[in-house]
Amino acid sequence: MAGTGSKDNFKIDPDNKFLWRKPSRRMEGEIVRDNLLFIPGRLDSQLGGADIDNTKAQDSRRKSIYLRHAHEKLVEFVQIFDGPSVSECYMRETSVQPHQALALANSQLTFNASKDLTTNIYQQTSGKVDAFIEEAFLHILSRLPDREEQKLCRDFLADSASDPNKLPTQMEFQKLITVLFNHNDFVTIR
C-alpha cells in the first residue's frame, strides 16, 4: 500500500469496493517478450506484415502480436508465461512457476536483451557502479533502487568480479542486468 492516503483509503474501503487500488497481476508471455525487446531498444515497431514462425520467436525483433499461434506451432517462451491455449478459445491460466524464472535466466531473448542493455547503460554511465545500478533499475523496473537494493547490487558485482580491486567488467554488469530481468517487479503489472 504505497502512497500518502492509502492507509486511510484502506480503512474506509478494505474490500476495494470503490476501486481505489488496482490489484497487481503477472504479465502475459507476449508482454514479457515484447518488454525484453523494447527495454534495450531492440523492438521492431513496424506495423503489419507476415506472421512470425514459432521457431523464430527467440531471434525475431517483431512484436509478439505477429507470432503464429496454432495448436502444433506454439512459442515455448510465451507458453511458459501463461500463453493462450489455442484449443480452449485462447483462454489463459495465471501462474507463478519456477520454470518462468529459468526461462528468463536462460533464454536467448534475455541474453540478447541483457547484452544490448548492458552496452547502452555502460556507455551512458562510463561503467560507474552506482550510476549503472540506478540506470539499470530505471530501465528495467521503472524506479530507483532503495539503499538495501543498491548495496545488494554492489555486493553482487563485487562477488562476481574476477578482481575485486578493479571496476566490474561489462560481463559482470550483464549478469546484474539478467538478475534484474528476473525481478518480480519486471513481470508484475501494478
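These legends go with close-up views of helix packing and aromatic side chains in a predicted model. Residue numbers start from 1 along each chain as its sequence is written, and side-chain values use heavy atoms, with hydrogens and water left out. Because the model is predicted, local features need pLDDT of at least 70 and side-chain atom pairs count only at pLDDT 80 or more, while totals for chains, interfaces and linings use all residues.

**View 1. Helix H6 packs against helix H8.** Here H6 (residues 129-141) meets H8 (residues 170-181) at an angle of about 30°, and the axes are 10 Å apart. (Helices are DSSP runs of H or I, at least four residues, numbered from the N terminus; axes are lines fitted to C-alpha atoms over the stretch in contact, and angles run from 0 to 180 degrees between N-to-C directions.) H6 and H8 are therefore roughly parallel (angles under 35 degrees; over 145 is roughly antiparallel, 65 to 115 roughly perpendicular and the rest oblique). On the H6 side, look for Val-129, Phe-132, Ile-133, Ala-136, Phe-137, Ile-140 and Leu-141; H8 brings Phe-173, Leu-176, Ile-177, Leu-180 and Phe-181 (contact means heavy atoms within 4.5 Å). That's twelve nonpolar residues, no polar and no charged (Ala, Val, Leu, Ile, Met, Phe, Trp, Tyr, Cys and Pro count as nonpolar, Asp, Glu, Lys and Arg as charged, and the others, Gly among them, as polar).

**View 2. Helix H5 packs against H8.** H5 (residues 108-125) comes in at about 120° to H8, with axes 9 Å apart. That angle makes the pair oblique. The H5 and H8 contact residues split into eight nonpolar, seven polar and one charged.

**View 3. Helix H7 packs against H8.** H7 (residues 147-160) sits at about 135° to H8, and again the axes are 9 Å apart. So H7 is oblique to H8. Cys-153, Phe-156, Leu-157 and Ser-160 of H7 meet Glu-172, Phe-173, Lys-175, Leu-176 and Val-179 of H8. The tally for H7 with H8 is six nonpolar, one polar and two charged.

**View 4. Tyr-122, Phe-132 and Phe-173 form a cluster of paired rings.** Rings of Phe, Tyr and Trp (its six-membered ring) pair if their centres lie within 6.5 Å. The model has three aromatic pairs by that rule.

**View 5. Arg-62 sits over Tyr-66.** The charged end of Arg-62 is 4.1 Å from the centre of the Tyr-66 ring (the cut-offs are CZ of Arg, or NZ of Lys, within 6 Å of the ring centre and within 35 degrees of the ring normal).

Notes: Helices (H or I, at least four residues) and strands (E, at least two) are DSSP runs, numbered from the N terminus. Rings of Phe, Tyr and Trp (its six-membered ring) pair if their centres lie within 6.5 Å; planes under 30 degrees apart count as stacked, over 60 as edge-to-face and the rest as tilted.
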